[in-house]
Amino acid sequence: MTEPTSDLAIEVCGLRMSYGGRQVLRGVDFDVRSGEVFCLLGPNGAGKTTTVEILEGFRPRTGGSVRVLGLDPADQQGSLRERIGIVLQECGFPRQARVGELVNIWRAYYPAPRPLDELLAVVELTSERDSQVRRLSGGQRRRLDFALALAGDPDLVFLDEPTTGFDPESRRRCWAAIENLRSLGKTILLTTHYLDEAERLADRVAILQDGRVQTVGSVRQVARQAGVPTTISFTAPHALRRGSVAMPGCLHVEVSGELAVCRTPNAAVALRELLAWAAANDLGDLDDLAVETPTLEDAYLRLVSGGTR
Amino acid sequence: MPLALLLLIGSTTAGGTVPGTHVKAQMIFVPSILAFGVIVAAYVNLGAKLATLRHDGVLKRIRTTPLPAGAYLSGVFGSTAATTLAITACTAVIGWLAFGAVPRVGGLAEIAGGLILGVVCFGSLGLALSSVARSAESASPIANASYLPVAIMSGIFDPTFSVPGWLSAAVGLLPVRALAQILQQGYTPVEHAPLSDLLVLLCWAVAGCALAAWRFRWH
């Protein structure tokens, strides 16, 4: 333990879970720092849901140690619930409720609730205050989910696949609400299937596979650890296509049709080589030169399907 | 619905006597409809309400709050009890104003005890029902199909309704007739052993609670 405990919202160490004889979690380790958005990724069946349910106190664990806001979720459920907010994937509302009423009812469940106006402002539902819940759109309902989860002014918010099935506009507004949560200083544990969502929102991600954490770190670190090369592309000059000029030997360049693509672990060195080569061979500026840094999606696919076993 | 039934049955039979006895008909059918009201409000309504809350995912969401499960369910149960008492109060007042059915002074304790035990018993059976029903849509039909035949055979709507002896004995073990008879006892002395009726209600209350606790699901 190099960091003081108070800086960590969640500490998971050697977490194990078996259903019957089947091991679902085989020693999961990760920490979530206070105030960060941490995203748990992984293919279906990797153990994401089980991990989150253990952290939320819904499920007892088989082994390992877990601390959430300094509490053990298995036997301090009551005090934990007062300090966390949970947005479950599919969760309904009472049929006749109005937005403001419902949020107020939820506020009454917590010892130190956040003011109603503030809650509605954070999730951008201020003008829907007197609307019937059943008249809200899908995106608005999801933001109402957020408002209910925030009612008790929690330190930590769990978001389980918050934008699954949304149109792009609803997703953006949902993301905006999550950014608002972050700016309130809340710690957020996010699970999602959308890698662009994780890339956009998460400070750090962990990739869970086969009941273990494969990689953890910022999106950049994960991409680097996955060994995904940076892609440099440009329009192949005529001389190169005719074969009258050879590529510099130290670079791996593939030419297909008009497009030349160079994949490299070190973009700066490769670019310098490439430009020097172009100048030396009198090729002028390389047209449509583009440098693409690896995305989380590239890293994820490489780590998860590109095959550890 | 209990009020409509009260007026319907009352308008056809009030003023007469129960065949073979000197007991005025309204002294039997008014408390019978009281019992019916308890069953509808506590068993059918609570069962359907909880099944709907579960189906809509509201119970699941409640579970994410610090509100203890017991406190929430007690609240739902309490609101059901209040509704039930309001319905029975209306029924009793109309039974008195329209048909002159007034409880015995000495029978108030029986009525109060019967109502409380009735609400607990049918309420817990409603909880159990909501957990057994697969969906919100099926809860109401299951509730109606389970209590209506028993209510008819128990003579709730027509005290002279006759069934074979073995069936009558079986119905006697069910809570519907037991509750009706306790309430009837509050209006007019009838021939039966009130203690055994109380025992039947109590047993069903315990069974209902046990089944509800065993089968209760959050989602």
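Reply: Helices (H or I, at least four residues) and strands (E, at least two) are DSSP runs, numbered from the N terminus. This is a predicted model: local features need pLDDT of at least 70, side-chain atom pairs count only at pLDDT 80 or more, and totals for chains, interfaces and linings use all residues. Residues are numbered from 1 along each chain as its sequence is written, while chains are lettered from A and ligands numbered from 1 in the order in which they are written.

Take strand β7 of chain A, residues 187–191. Is it enclosed or open? All 5 of its 5 residues are buried (20 or more other C-beta atoms within 10 Å of their own, with C-beta atoms placed from the backbone). So β7(A) is largely enclosed by the rest of the structure. Look at its two sides. A:Thr187, A:Leu189 and A:Thr191 point one way. A:Ile188 and A:Leu190 point the other way. Both sets are buried.

Now the pairing, which takes at least two DSSP bridges between two strands. Strand β3 of chain A, residues 37–41, runs parallel to β7(A), and 4 bridges join them. Strand β6 of chain A, residues 156–160, also runs parallel to β7(A), joined by 5 bridges. Find A:Leu189 in β7(A). A:Phe38 stands opposite A:Leu189.

Last, the chain path. β6(A), helix α6 of chain A (residues 168–183) and β7(A) make a β-α-β unit.

Technical notes
Buried ≥ 20, exposed ≤ 12 C-beta atoms within 10 Å, placed from the backbone. Right-handed = clockwise from strand over helix to strand, strands pointing away.
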